[in-house]
Amino acid sequence: MTTLGLRLVKNLFGGEDLPSDSGVVAIVHALSEPNKGTYFRQQTVTIPVGLSRGYSELDVPVGRYLVEAPLPNGDVVTQEVQVDGPTNVDIETEDSPHEWLGWQHLVGNVTGRRTHETQTPEAPSSVPTVLWLGDPVPPLGFYGFDGPGRDVWTLLDGVAASDPSSVFSRLSQAPPEPPLAPSAGDTQVQLFRLTAHGPQNQVVELGRFDGRRFLLVIDHRNVTLVALPFPWHETRSGQDAVAEVLVRRDEQQGGWPDKPTVAVSLRDPQFGTLVGYLTQGAFPTAQRLLEPAREMLREKTLNPLAAAAGGYVLVGGDSEPGQQWHDWIANLANSFRWLPDGAIQRARLHLQLARDEKDLDLAHESLREAFGRGLPYFGLGLQWLVDGLAVFAEEDVETAHMHDAVRRVAQRCNLQQPFTVLRLSEF
Amino acid sequence: MDQFLVHHSKTEGLPATHALVIGVGAYPHLNGGAGTLTGDHEGMEQLTSPPISARRVAEWLIRWLTYPAKPLASVSLLLSEEPPQPFTNPATGADYPVALATGANVSDAIEAWKARGDEDADGRNRLLFYFCGHGISEGTAMALLLRDFGENDNNSLHGALDFGQLHLGMDRSKGRQQVFFVDACRATSDTLIQGLGHAGRVPIRPGRPPVGLGGRETPIYYSTLAGQEAYGRTGAPSPFTEALLVGLDGAGSDDAEGDWRVDTTQLKKAIDFFTNKALEAGAQLVQVPANGALSTFELHHLSCQPRVPVYVSCKPEEAQALALLRCITQGQPPTERLPAGEVWELRLTAGQYQFRAEFSDGSYRLTTVDAWVRPVYRRVPIEVGL
């Protein structure tokens, strides 16, 4: 036996490399006899990503192997390796268009350099305006259970029907500040880096220190509301995580026609790629990253939004009755009553594992509670909420109204993004 | 046998797989159609690929789908094509007239398909759904356009299927494994659903799922490739359907159990890979509803080694256009490709190969690379020296 060390080489510019237990997933296939047929036919591991991290080490028999790494951006990179003694392998992936887009490329929000360079649109006559919405009106920004959060649905539906130039004033309690300046950009993309305290390169008014944060992206035709995933503290360090918001003008990757695409990702070394896999719908793969994080999930008081991300991965993947993490989902919903996503996941689990009508009743009740908590942080939460309410919509008038209200907002959601991004209004 | 079935075999009360396949290319009320043009045409045109794609999928299922625990028991097929053609069952050679994919027919077919899923009271039946044709997606809502889309001036989506509601409604089925393939070409603006307030017919309304049968396992595979061009290929299935069939044929398989089996997760990897390749080639993507769940279960057992896409190229790129490329394996005559600028694409059976780059003008050294080929795909860059 010997050791095989693996890592994915990628410049994640501007942030720390990803540790071995939260980087990307790799599958090591034995190619040569006599390895095949021994206990080692195939093993799945998580490997670090970056330029300076060490390697994930695996005990393997001497032989030939194929390493396959499905990435959060949907690409699958492979590398064949002969292992005759301790061997370290650097798995390479396509270059990102710019160094500062390394993270965005990894999580799938931009294409690789080759494809990016073939798209050479002219510089647009105008660039989108990005406004910080740090003090939203209560239905949008309120933290609280059974509070004005339930009014967010009619608020957003009303805003969508209104004059686009009035959107900011209808959503904010504070006057607008100067538009945000991107941290970096080219003719196709603008990149903004923010924490819960605002952009890294600009001072802004914060409003309630514990309130929700949003961005408004205003193009010459459209207004897009972006729910920022704050508060999010890096799981290992406890520091405020940085969110990268990409405003992309090319329509190639799923943009609405003639509209900018807004993509939000989190530079959390522990959970960043997990959210990427979640967005891709690769739940079983994401669950591999969740294994080392389960202990941290138990400590969800530090980062309930990260716990919610883990909850989506668990509930959306294989789900057998009686698993320990089912209690965590219930605890998340009960302990953080400002978090719509917790109640949504609890409802989904009741629906999936219903043993009797009482379980379905509990799902119904949880969905009504989620409705009252306001706009989910995660786009998948919005989908699960509208789907769940549809199941019970014919049972009572109030649920039918809830379903209709959420459906009208959900139709505006970009579900290719992990966090809630809504196309609100059009000029 | 109901009018939609083109394949039916008895399974003696055992769990089984039932498929519903729909392909809509002829739209009388869209541009180029034989009927009155609807005011909601939004520039949509006739499509050639969907009926071909649907036939290929139906043929593949009948001829090749192998899952011993839930063998294929039925395939229902509805098409809209000009002119209509019968379907020849590849297993029996029998010809079947194919029902038109209108709203009414599709609704009836869905009810019959769900009823087959309900035949096993223990929830063990598996249901497969495939659609190819025009589609509109707005956030969580998706309308699959059927042959009679636009026939009703007051409600064009009366000729459409609300896919989101269908997927939700099918949670009422006792068949707890349901796989959906949605190959919908989106070529409209995003306001039709919003404007009409709904996304089409709802044959099975959402409601409480059956209790005590376990959760539903229900992956949805959406095509995310945009543009009518991809669905107008003459005599060929759409790119998504091609990727799906290549995946089922082996690119989406794994041998963790000793033999090669396609499962839901591997199939997704294969389809995502081919989508990314199309993106590199200049395709555009569209937004689709989120795939809100994906559990891993087996779909198909291969009876032979999988055939896997292989991409052979030279490094540096300049050498590519000068290289005679050969692919050699034991027991097979070698294959070769004359010098050309683009990457050499092959489909090879999983196994070990030798790839060679030869330069008759001596511009680079002859170089040989040994490589194992296995799913999902294999890139073989041959680094040549001077």
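Me: What makes A:Glu369 and A:Arg373 about one helical turn apart?
Reply: They sit four residues apart in helix 12 of chain A, so about one helical turn separates them. Keep in mind that this is a predicted model.

Me: And why is the link between A:Glu369 and A:Arg373 called a salt bridge?
Reply: The cut-off is 4 Å between a side-chain nitrogen of Lys or Arg and a carboxyl oxygen of Asp or Glu. For A:Glu369 and A:Arg373 the closest N and O atoms are 2.3 Å apart, so the pair meets the definition.

Me: Are those two buried or exposed, and how do you know?
Reply: Buried means under 20% relative accessible area. A:Glu369 has 15%, so A:Glu369 is buried. A:Arg373 has 2%, so A:Arg373 counts as buried too.

Me: What makes B:Glu358 and B:Arg326 a salt bridge?
Reply: Their closest N and O atoms are 2.7 Å apart, and the limit is 4 Å. The pair links distant parts of the chain, with B:Glu358 in strand 19 of chain B and B:Arg326 in strand 16 of chain B, 32 residues apart.

Methods
Residues are numbered from 1 along each chain as its sequence is written. Chains are lettered from A and ligands numbered from 1 in the order in which they are written. This is a predicted model: local features need pLDDT of at least 70, side-chain atom pairs count only at pLDDT 80 or more; totals for chains, interfaces and linings use all residues. Side-chain values use heavy atoms; hydrogens and water are left out. Helices (H or I, at least four residues) and strands (E, at least two) are DSSP runs, numbered from the N terminus. Buried means under 20% relative accessible area, exposed over 50%, partly exposed in between (1.4 Å probe, protein chains only).
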